[in-house]
Amino acid sequence: MAGFLLTLLAVALAGMGARDQMTLANLSQSQGSRPAVLAIAIALCAVTAAIAGWASQAIAPMLNANARLFLAALALGFAGLESLVLTPGRKPEEPTQSLAAMAVVLAAHQLTDAARFLIFAIALASHSPHAAVIGGAVGGAILLSAAWASPESFTWQRLRLIRRGIGAVLLVIGVLLGLSAVGL
């Protein structure tokens with residue numbers, strides 16, 4: 001249960017203003033809130049969370065405890081860097097109506113975002129991949145549902161500052177955890 005709640009909260013914080021959420025908000029604002037768009041976005045969120053959990057389970061047996069902790073710290077650092085460096089792009093002027101194209105874009109954003117790095121890190125460090133995957137998928141679904149239901153709320157410029165602040169915190173936690181894993 002702790003892995004579920006920790007991952008849900010971590011993903012909810014790290015995913016605010018993320019590229020997938022902003023893309024969905026932009027699409028909903030320009031095309032209206034289509035239920036099929038939300039259904040595909042949530043399904044992709046669950047699939048990418050499962051991929052992150054599966055990756056942690058595939059790697060975990062090959063590593064000792066310190067190596068797992070160091071890899072989890074590295075994933076946290078990558079989550080922080082992603083939040084600091086990669087920002088959502090401009091709102092497309094003529095977004096496509098294609099659900100398949102939207103799915104490809106959202107999947108690409110989600111596979112490389114801070115939330116999936118966090119799911120990977122927590123699943124790896126906690127030895128509780130199922131709880132981390134479910135918590136991450138629920139947290140991501142909440143964020144995507146909010147962007148779909150209220151897209152005008154996600155054009156707020158302070159969201160970008162909040163995202164960068166969370167990224168800096170994740171980066172510091174990753175560095176500190178990594179240093180403790182190597183014994184410094």
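**Exercise 1. Confidence**

What is the mean pLDDT of the protein chain, and what share of its residues reach 70 or more?

*Solution.* This is a predicted model, in which local features need pLDDT of at least 70, side-chain atom pairs count only at pLDDT 80 or more, and totals for chains, interfaces and linings use all residues. Residues are numbered from 1 along each chain as its sequence is written, and side-chain values use heavy atoms, without hydrogens and water. pLDDT is the predictor's confidence in each residue, from 0 to 100. The chain mean is 88, and 95% of residues reach 70 or more. Next, go by helix (a DSSP run of H or I, at least four residues, numbered from the N terminus). Confidence is lowest in α2 (residues 19–31), with a mean of 84. It is highest in α3 (residues 35–59), at 94.

**Exercise 2. A nonpolar patch**

Find which helix gives the largest share of the nonpolar patch.

*Solution.* Start with the definition: patch residues have over 30% relative accessible area and no salt bridge, and nonpolar side chains (Val, Leu, Ile, Met, Phe, Trp, Tyr) are joined within 5 Å. A salt bridge is a side-chain nitrogen of Lys or Arg within 4 Å of a carboxyl oxygen of Asp or Glu. The patch covers about 1100 Å², and its members include Phe70, Phe78, Val85 and Leu176. α4 (65–85) and α8 (158–181) each supply at least two residues. α4 gives the largest share, 5 residues.

**Exercise 3. His127**

Locate His127 and decide: buried or exposed?

*Solution.* His127 sits in the loop between α6 (114–126) and α7 (129–149). Its phi is positive, about 55°, although His127 is not a glycine. Buried means under 20% relative accessible area, exposed over 50%, partly exposed in between (1.4 Å probe, protein chains only). His127 is exposed because its relative accessibility is 53%.

Technical notes:
Patches are made of residues with over 30% relative accessible area and no salt bridge: like charges are joined within 9 Å, nonpolar side chains (Val, Leu, Ile, Met, Phe, Trp, Tyr) within 5 Å. Accessible areas come from the Shrake-Rupley method with a 1.4 Å probe; for residues, only the protein chains shown count as cover.
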